Amino acid sequence: MTETERRKLASDFEARREEIERRIASMTMYDNAMMRCVFSDPRNYPLVEYLIMLLTGKSLRVREVKVRSVEVERMSKRFLHSRTVFFDVLAEDEQGNMYNFEIQREPRGMDGRRMRFHSAAIDSEMLCQGEGFEALKESFVIVFSEKDMFRMGEPFYVLDRKIVGSGGSDYGPLGDGSHIIVVNGSYAGEDELGRVLLDFKNPRPSMMSCEIMRRAVEYYKEEKEGMMSLFYTYDSLDEEERRYLHEKGLKEGIEIGTEKGIVIGAEKQLESVVIESFKNSIPIETIARISLISVDRVNEILVKHKLI
């Protein structure tokens, strides 16, 4: 953000401060703007690590996680000619393992096939051309569902591929390194996870029992700089997206949204591939061939971005 943009944001914030404070007061970690701000702040990486360990430490025997980077609302880079995938939060640890956190307010918005597609998208991010499959690291799709998606009353569910014999015998997990975890946000047990999930739904940080989550949310609820950042993130969503944020969750609006939105996302990704290829001195004819578009279309993109 430039200094001019920052001054304009501060001016807009002051002009609408009462409205903004009222809106922010009701936000929880299940609100996309809050989640994006909290998880993307490097000061809150310990919170991300804590949540990963809380869910995987016992269930998947993960021993230690040190987060190296976190991206929010990231579009998958590799699925050029298929449906666009947006990651709510995509974290990578120092070992190269990747964690996709998804916030889901309505169970029907995140079914098994969608989780499978997200898992495949993460795998596609891990390997570069020519790398062997042994280079694949562990991947985790972690869905924080506000309701009990499977209605079985468990605090969370681990969905891993397993080996089943022809007669139905269960021979245990496949061990392919791909994991899906679905958290039951309605769980209110008196254990550590139950307390954390109550904090997720609590709009008042002073009432949170998890100290690192309380500090993270408190900054965006009570400090002017944090409130401005949250306001900027929230206000950058258009009117239709905001309606989804309140009614059904932003994610459903982006990924299951209009065909127009999907086409625009694919077009931007195509342009990015063409531009990067050209900058790396790849011939225009080759770019056209690998991108499955005409030479004229490649030239049109390069002219648009003033590269030729």
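A residue is called buried under 20% relative accessible area, exposed over 50%, and partly exposed in between (1.4 Å probe, protein chains only). At 23% relative accessibility, Tyr219 therefore counts as partly exposed, whereas Tyr220 is buried at 4%.

The model is predicted: local features need pLDDT of at least 70, side-chain atom pairs count only at pLDDT 80 or more, and totals for chains, interfaces and linings use all residues. Residues are numbered from 1 along each chain as its sequence is written, and side-chain values use heavy atoms, leaving out hydrogens and water.

Rings of Phe, Tyr and Trp (its six-membered ring) pair if their centres lie within 6.5 Å; planes under 30 degrees apart count as stacked, over 60 as edge-to-face and the rest as tilted. By this rule there are seven aromatic pairs, including the following.

| Pair | Centre distance | Plane angle | Class |
|---|---|---|---|
| Phe39 and Phe101 | 5.4 Å | 55° | tilted |
| Tyr219 and Tyr220 | 4.9 Å | 80° | edge-to-face |

Phe39 belongs to helix H3 (residues 32-40) and Phe101 to strand S3 (residues 98-104), so their pair ties together parts 62 residues apart in sequence. Such helices (H or I, at least four residues) and strands (E, at least two) are DSSP runs, numbered from the N terminus.

Met126, in helix H5 (residues 112-126), is buried with a relative accessible area of 13%. Its C-alpha atom is 8.2 Å from that of Gly96, 30 residues apart in sequence.
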